[in-house]
Amino acid sequence: MIKLFDKFRRLLFRENVKKEELKLEKSLSKNIALFKKVFEDDESIIFREFESKGENEIKFCIIFADEMVNKEIINENIIKPIIECKVDESIFEFGLLDYLMNKVIISGEVKRVKDIDELIGSILYGATILLVNDLEEVLVIDTKGWEVRSVSEPLSESVVRGPREGFTESIKINLSLIRRRVRSNKLKFQFKEIGLRTKTRVCVCYIEDLANEKIVKEVFARLEKIEIDGVLETGYIEELIRDSPFSPFNTIGYTERPDVVAAKLLEGRIAILCDGTPFVSTLPYLFIEYFQASEDYYNNYIFATINRSIRIIGFFLSTSVPAIYVALTTYHQEMIPTPLLLSISAAREGVPLPTVIEAMIMLFTFEIIREAGVRLPAAIGQAVSIVGALVLGQAAVAARLISAPMVIVTALTGISSFLTPQMIETLILIRFILLALSSFLGLYGYIFGIIGIFIHLMSLRSFGVPYMLNVSPINKQDVKDTAIRAPWWYMYYRPKLIADRNSVRKADANRRGRR
Amino acid sequence: MKSTKKIVLIILLFINALNFTSCWNYKEINEVAIVGGMALDKNKENGKYIMTVEIMLPEASDGLNMRPEIYTMEGNTLFDAIRNFIAETGVKLYWSHLRVVLLSQDVAKEGIVPTLDLFMRDAELRTDVWLLISKGKTAREILEEGTAKIHDTVSFHLHDMLKTEASISKYKGVQFWDFVKTLSEEGSSPFLPTVELVDKGKEKIPKICGVAVFKKGKMVGWLDGIETRALLFIRDEIKGGVIPVKNVEDFNTDITLEIFRNETKLKPELIGGKLIMNIDVITDVGIAEIDAAKDLLRGKGRKNVKKDAEALIEKQIEKVVKKVQREYKSDIFGFSGAICRTMPNVWKSIKGDWEDVFTELDIKVNVNVRIKWSALSSKPIKIGE
């Protein structure tokens with residue numbers, strides 16, 4: 001199936017791979033004509049021709065994309081110095097371009113380029129190129145300047161305690177947010193351009209002496225293989241490079257918080273940033289990371305442990321409660337205590353639907369309300385909650401369409417799925433599978449499903465690291481950051497398989513900064 | 001090729017797994033008739049079983065409203081009767097929540113082993129139901145005429161009584177499996193609690209008191225509440241309860257002792273070729289109540305109370321053993337087990353005529369009552385002058 005998919009994809013992209021052969025020439029006017037042809041019908045590309053002062057006046061032309069540059073830099077740091085510059089003998093000693101680079105143009109980033117594709121790319125990414133008459137080489141000057149959203153609190157991962165900065169859509173700001181947290185020369189940023197048309201800047205970020213060499217290599221190898229029209233979000237990349245692409249479980253994580261990325265880098269993980277999105281992918285990703293929150297590490301470790309246990313229990317509740325309820329009430333009535341059995345029986349009196357259908361309808365309704373709420377303007381959010389709570393809850397029970405215990409089951413299931421927000425989609429899938437199984441095999445079917453899910457989880461790997469690492473087999477060191485969060489003075493090691501080069505977090509276990 | 005093998009393997013696994021599902025069936029919870037209690041009688045005229053069941057019918061309303069409904073059915077066998085119910089109730093009866101089974105004394109006297117076979121054999125009936133013998137009335141009448149006050153249903157009422165037996169110790173709840181186990185042991189005989197109807201004004205209230213003594217599978221007689229407590233002392237099954245001691249020190253006052261802990265050891269002994277059963281009872285009690293204004297515990301008082309209580313228990317134990325030996329000739333005390341455990345060789349030789357040995361068995365009762373607690377005060381309420 002994957003093979004078929006690949007073939008299909010190659011067929012689609014065959015046309016785009018063809019390249020036109022373009023070359024720069026000596027004549028300025030021919031070069032300008034060349035670029036005008038490249039940017040035909042694109043009115044936002046500006047061509048500005050001018051001459052320098054002095055005896056041997058030289059003709060120049062700058063080309064830039066209007067909306068991508070800071071015009072002040074162009075005026076003050078490129079045009080003004082060139083026009084005012086007096087051409088003396090030294091020009092011929094250095095060569096004109098070097099003279100301009102070294103003595104005239106005031107900019108942090110200037111380079112000489114011949115390749116026309118690179119030139120087009122730079123223009124489109126906010127650079128200004130300087131064409132000079134009689135030269136086949138061009139100067140590329142960095143003049144980027146566009147509006148970006150300022151750093152604000154991440155909406156998807158808010159915290160009570162912890163930094164309130166979140167990533168933005170600008171990769172530069174994002175990198176600065178990471179660099180500010182890990183000020184080490186071992187922190188490496190390596191860029192790649194992905195997307196045949198979008199040419200999106202993607203940055204692979206890792207700490208050199210912590211990250212597993214093999215995993216880093218593997219990441220680059222996989223990124224190299226990507227062939228896609230455009231990348232607008234890290235999700236594209238995740239889907240293209242992840243292991244087990246058909247699994248409902250994420251084998252690559254994502255976050256909007258720079259502190260989380262910094263912490264993961266310090267554990268030897270690798271982050272992938274993508275221009276244009278505040279979401280950063282981290283890998284390898286383990287199952288237990290679904291249950292870890294950044295606040296766990298900032299709060300008291302006892303409460304962090306309690307919160308983690310709640311999240312893990314929430315996972316089981318969210319997947320299993322409807323299935324177990326259906327199994328017990330339709331197959332194993334003998335397992336329910338008599339008073340409870342009687343009260344469930346009384347509540348179900350007059351309900352026309354079988355319990356399974358009732359459960360399916362209620363869970364589906366809950367998902368409808370949830371999905372409606374997610375993409376709704378805040379102003380009409382209240383309407384959804386009123387309809388959800390009153391009409392679908394109370395009124396349905398009063399009208400005897402749904403039994404009251406089923407409303408409780410649905411509510412418990414739904415609420416506990418919010419404990420692990422990144423897993424919601426997975427939870428829904430598992431929940432319905434288990435529900436279906438237990439509806440025609442009872443608890444037996446439920447256990448069957450659970451075993452299946454565990455086998456699947458155990459078989460998963462994220463970049464060579466077992467997905468259930470630290471869950472089984474239990475390792476004395478690695479268990480310290482799983483269901484429990486050990487105090488910081490007690491966590492001597494980084495996760496071994498991930499940070500294999502330098503797994504000791506600290507040498508002396510007893511240094512705690514007090515006494 | 002490889003994937004085909006995989007798929008075949010998975011399908012085979014599924015098919016195999018479906019074979020192991022055992023007994024199951026889909027049934028909606030509100031479509032079953034939950035049986036809380038069952039009463040068994042026998043029609044004397046045609047020898048058929050009369051089965052009476054108490055079915056819990058939940059009623060949808062505010063809160064839980066439960067309406068017990070009594071159905072009666074005749075059948076050649078129990079299972080026949082069970083299936084005959086469908087014609088009246090419309091749905092199959094659901095037995096997993098059966099709490100109590102009442103057997104009328106007539107059925108018990110005829111021998112209950114054939115009657116109880118279904119409980120052992122059938123998958124739907126559980127073996128942890130409580131068995132009760134109806135005294136005076138038929139079992140059916142107890143279910144039909146009895147009114148339960150705390151619970152709506154007689155079955156739940158009886159179930160609660162049996163569960164809280166530890167604080168009264170005048171009867172002993174026996175579950176089906178336990179009954180069968182005792183029955184299968186060499187030499188020993190089982191007993192079951194008895195239930196009767198007590199008139200309280202207009203209402204008739206079911207009351208459990210005493211036990212019915214069995215000799216192997218057949219019922220042979222009754223023991224009352226006090227006798228039952230003595231029986232439990234011997235069997236080391238006392239977990240609580242009270243002992244009112246009367247006329248302590250000839251003062252015509254009552255002292256009530258509450259049992260907190262009891263340990264009884266049965267020590268058979270061969271003295272001169274004669275088997276003697278030593279019953280050593282050690283009981284820790286507290287003083288629960290003194291019905292006198294005088295401080296009876298001062299000085300020698302405490303010792304006297306202890307002595308009187310010991311004498312009382314001793315007397316009761318001796319009395320019940322005598323009664324059972326003389327009238328019922330049935331070892332419900334577990335003497336046979338004690339002999340079998342401590343002196344297996346002796347047991348082998350007397351096993352054959354254990355009934356005769358049991359009737360002639362001498363007992364020696366040693367009771368040690370230790371008064372350990374007296375709640376908050378050791379003295380009675382003081383009256384100012």
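View 1. In residues 432-458 of chain A, the end C-alpha atoms sit 21 Å apart, and the span is 96% helix and 0% strand. Helices here are DSSP runs of H or I with at least four residues, strands are runs of E with at least two, and both are numbered from the N terminus. This is a predicted model, where local features need pLDDT of at least 70 and side-chain atom pairs count only at pLDDT 80 or more, while totals for chains, interfaces and linings use all residues. Residues are numbered from 1 along each chain as its sequence is written, and chains are lettered from A and ligands numbered from 1 in the order in which they are written.

**View 2. The annotated transmembrane regions.** An unreviewed UniProt entry puts the label "transmembrane region" on residues 312-331, 351-369, 376-396, 402-420 and 432-458 of chain A. UniProt positions are given in the numbering used here, feature names are shortened, and such annotations may be inferred rather than shown by experiment. Take residues 351-369 of chain A: the end C-alpha atoms are 23 Å apart, with 79% helix and 0% strand.

**View 3. A look at Leu443(A).** You'll find Leu443(A) in helix H18 of chain A. Leu443(A) has 18 other C-beta atoms within 10 Å, so it counts as partly exposed; buried means 20 or more, exposed means 12 or fewer, and partly exposed is in between, with C-beta atoms placed from the backbone. Setting aside neighbours within four places in sequence, Leu443(A) is in contact with Ala327(A), Tyr331(A), His332(A) and Ser438(A). Contact means that the C-beta atoms, placed from the backbone, lie within 7 Å.

**View 4. Where chain A meets chain B.** Here 21 residues of chain A are in contact with 20 residues of chain B. On the chain A side, the elements giving two or more residues are helix H12 (301-330), helix H13 (338-348) and helix H18 (443-459). H13(A) brings the largest share, 8 residues.

**View 5. The five-stranded sheet.** This open sheet of chain A runs in the order E1-E2-E4-E5-E3, with antiparallel pairing; strands pair if DSSP finds at least two bridges between them. Strand E1 (45-51) and strand E3 (110-113) of chain A are the edges, each pairing on one side only. E3(A) and strand E5 (residues 138-142) of chain A are joined in the antiparallel sense over 4 bridges, and Val113(A) faces Val138(A) in E5(A).

**View 6. Two helices over that sheet.** Helix H3 (residues 71-84) of chain A lies across E1, E2, E4 and E5, at about 170° to E2(A). Axes are lines fitted to C-alpha atoms, for helices over the stretch in contact, and angles run from 0 to 180 degrees between N-to-C directions.

**View 7. An enclosed helix.** Helix H10 (residues 258-266) of chain A is largely enclosed by the rest of the structure, because 7 of its 9 residues are buried. Among the buried ones are Pro258(A), Asp259(A) and Leu265(A). The buried residues of H10(A) pack against several elements of chain A, including helix H7 (171-181) and strand E9 (270-274). Just after H10(A), Gly268(A) takes a positive phi of about 95°.
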